[in-house]
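Please consider the following note on charged side chains and their pairing. The structure is shown first, and the numbered points follow.

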Amino acid sequence: MEVSINRIINVFENDMYNGCSNKKKLYKFEIFKMCNVDYIYDVLRSGNYNMKEYSIFMIKYPKYRIIMSLKMIDKVINHYITKYAFIPKLSKYLDIRNVATRKNMGSSYGIKLLKRYIELNKKYKEFYILKLDISKFFYNIDHNKLKSMLRKELDDIEYKIICTIIDSTNASYVNNNIENLKNNELKYTNRVKEVVDIPNYKYGKGLPIGNMTSQFLAIYYLYALDHFIVHNLGIKYMVRYMDDYILIHHDKCYLKKCMNIIERKLNNEYKLKLNKKKCIIYNIKDGFDFLGYTLKRVDNKTICIVSSKTRKNVLKKVKYNISNYSNNNLRYSYCSINNYYNSFKYCNNLFIKRSINRVY
């Protein structure tokens with residue numbers, strides 16, 4: 001990996017300013033900008049990297065989740081490794097059906113691809129959708145398995161830095177902070193089961209939720225399974241977003257067989273388990289939910305609408321913005337609401353606009 005001062009500054013000015021909502025972190029980094037850049041340069045050249053502790057907090061919508069936020073120096077290192085080591089060296093293994101994280105991909109690309117696959121299967125009178133979900137995916141990624149995959153692809157310095165990042169979930173303060181957050185939240189919420197179900201990190205397992213490296217490693221970790229599904233099982237109409245899989249086939253029995261094969265492969269090779277409650281085979285006429293949309297075939301036409309769950313979550317967020325932003329921040333609140341107006345472009349979003357208007 002080539003390391004240069006200009007690249008580090010470019011990552012900070014482009015990625016951090018656009019992607020970091022904590023302006024205090026940006027300001028503190030900016031005060032001693034060149035000192036911080038020199039430190040990052042030395043780390044990336046030597047591999048001698050000591051991470052600062054994460055700022056760990058809990059978000060409540062759309063569901064309870066623990067987020068681990070890095071200090072600004074660590075954020076820049078994370079983005080640099082992803083941009084100049086992972087993307088050039090690991091992207092060649094990723095299938096185009098694996099739609100998360102990468103540039104010009106994401107949920108919009110995933111829905112567009114899925115609609116295309118549904119159209120290609122309309123030649124069958126009936127066809128089926130197998131929806132797979134991996135249980136606690138980020139928390140159960142095996143460190144040793146992931147490191148063995150990366151060892152042959154990265155140079156010594158890159159490998160040394162990424163091992164430090166991967167092993168950061170082994171620190172004792174991580175689980176202590178998670179337990180404290182859960183105990184505090186249980187005093188005030190009636191959503192007890194959701195809070196209790198938030199897992200702790202096991203030693204040698206899991207990626208920190210919130211890191212750029214974690215997002216890329218999550219889509220890389222199962223790349224061999226993606227190829228196995230497409231080439232060995234013959235399911236070429238597949239879409240994967242992180243740990244959510246959609247498999248399309250005209251034979252329902254064959255999809256059941258595929259699910260059993262995939263489950264065994266996950267257990268034996270990746271030490272992961274399927275969430276059986278969320279693994280369902282749907283008839284395309286009945287429809288299914290994916291990435292915030294509901295898709296189905298009606299009168300030989302593909303219908304795509306905003307799912308009821310997504311609509312409820314959007315309205316919750318709109319109410320939250322309205323009730324919590326002061327008059328000084330009203331413009332930011334308006335911009336947040338306006339973003340929802342422009343979302344959901346792959347369906348008729350008039351209904352959700354009317355729902356927002358009623359609240360706003």
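1. E119 is partly exposed, with a relative accessible area of 32%; buried means under 20% relative accessible area, exposed over 50%, and partly exposed in between (1.4 Å probe, protein chains only). The side chains of R297 and E119 meet in a salt bridge (2.8 Å, N to O), that is, a side-chain nitrogen of Lys or Arg within 4 Å of a carboxyl oxygen of Asp or Glu. Because R297 lies in strand β8 (residues 293-298) and E119 in helix α5 (residues 107-120), the pair ties together parts that are 178 residues apart in sequence. Helices (H or I, at least four residues) and strands (E, at least two) are DSSP runs, numbered from the N terminus.

2. The model is predicted: local features need pLDDT of at least 70, side-chain atom pairs count only at pLDDT 80 or more, and totals for chains, interfaces and linings use all residues. Residues are numbered from 1 along each chain as its sequence is written, and side-chain values use heavy atoms, with hydrogens and water left out.

3. A second salt bridge joins the side chains of K60 and E185 (3.4 Å, N to O). K60 lies in the loop between β1 (55-59) and β2 (65-69) and E185 in helix α9 (residues 172-186), so this pair ties together parts that are 125 residues apart in sequence. K60 is partly exposed, at 36%, whereas E185 is buried, at 12%.

4. D156 and R151 also meet through their side chains in a salt bridge (2.8 Å, N to O). Here D156 is exposed, at 56% relative accessibility, and R151 is partly exposed, at 34%.

5. How many salt bridges does a search of the whole structure find? The search finds 18.
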